[in-house]
Amino acid sequence: MGVMRNNVVPSQIQIFTCIDPPPEGRKIIEETCKIHIASLIRRSEMDNGELTEYIKHYLEKDKTRSAIMLTGGWGTGKSYYIQNELTPALQREKANECITISLYGLRSVSEISKSIYLELRAKFLQSRNETTATGRLIAKTIVKGLINRFGINLSTSQDEMQKLYESIDLSGKLIILEDVERSQIDILELFGYVNNLVERDGVKLLLVVNEDEITKSISVKENPENNKDSALPANTTKQYLAIKEKTVSDTIPFEGNCYAAVQQIIRSYNNPILSRFADKSSAENICNIMSLCKNHNLRSFIFACQKSVDIFEQME
């Protein structure tokens, strides 16, 4: 599992071709690039625990005002990792927590604002007696989206707006937007919304995507012959890459730990027969079979486990 700094190589090429520094400056830049690339190589084999530590570092110390992206194929365990490893790890840190929103089927950025607000409001109501107004990080982008969504009148609803602002405290919170490629929102509009959140409002945000599907979708829609009803301008791919470079600092390819995930899934059913396959050797065999079938979809494995358990219980 590696961390890819967006446009690392192109940016270095631009430095040498556009700036054309003197020899001593060129040497400094070359050494800096070597150190940076070596750092990326060392981080190219992160396990899930190291990935969690990396995300915690981003949440607590990163000052770039940018988002990070976790990308991987469907069913590779991205959501499972977030639900079962990342979220519990952040919850153990009292100052940190996740707000996870699925974009599946959403049609406008105002719907994202509404979803984030509802999640935050529920948490706010649970702990309002323990919170204070100091040190709050208010996301004006979210408030603006709510205003557009519900038509809130600022001139006559000051008290309500104050309550709204107080309930949207993003200090120490990581906003996670899942199923990006499954939303109905134009990808450029979506990334513009994300850019406003991270750059203007200082929000920490993790995009969970299958980027192959995003680029594939853009490619299909750019070609009128393939999709006459929803053809995109031919430069949409360039626009996407440009706004991604502005919005996302690190892209993390997610491969996941198949063995650990298989063991955790089997144990979660607490079935004595299924549990026989929770040992390391069996988990390795299962993952090897998935590799031979070229199918690493954990959802399919969860489905298979559920049906197996149903059969085992009927046999009792």
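The legends below describe close-up views of aromatic rings in a predicted model.

**View 1. The tilted pair of tyrosine 81 and phenylalanine 254.** Two aromatic pairs are counted in this model, and in the one shown here the ring centres of tyrosine 81 and phenylalanine 254 are 5.7 Å apart with their planes at 40°, so the pair is classed as tilted, a class that lies between the limits of 30 and 60 degrees.

**View 2. The edge-to-face pair of phenylalanine 191 and tyrosine 240.** Here the centres of the two rings, those of phenylalanine 191 and tyrosine 240, lie 5.4 Å apart and the planes meet at 80°, so the arrangement is edge-to-face, for which the angle must be over 60 degrees. Because phenylalanine 191 is part of helix H8 (residues 187–200) and tyrosine 240 part of helix H10 (residues 236–247), the pair ties together parts that are 49 residues apart in sequence. Phenylalanine 191 and tyrosine 240 are both buried.

**View 3. Arginine 182 over the face of tyrosine 104.** In this view arginine 182 is placed over the face of the tyrosine 104 ring, at 6.0 Å from the ring centre.

**View 4. Lysine 204 over the face of tyrosine 58.** The ring in this view is that of tyrosine 58, and lysine 204 lies over its face, at 5.3 Å from the ring centre.

Key: Residues are numbered from 1 along each chain as its sequence is written. This is a predicted model: local features need pLDDT of at least 70, side-chain atom pairs count only at pLDDT 80 or more; totals for chains, interfaces and linings use all residues. Side-chain values use heavy atoms; hydrogens and water are left out. Rings of Phe, Tyr and Trp (its six-membered ring) pair if their centres lie within 6.5 Å; planes under 30 degrees apart count as stacked, over 60 as edge-to-face and the rest as tilted. Helices (H or I, at least four residues) and strands (E, at least two) are DSSP runs, numbered from the N terminus. Buried means under 20% relative accessible area, exposed over 50%, partly exposed in between (1.4 Å probe, protein chains only). A charge sits over a ring if NZ of Lys or CZ of Arg is within 6 Å of the ring centre and within 35 degrees of the ring normal.
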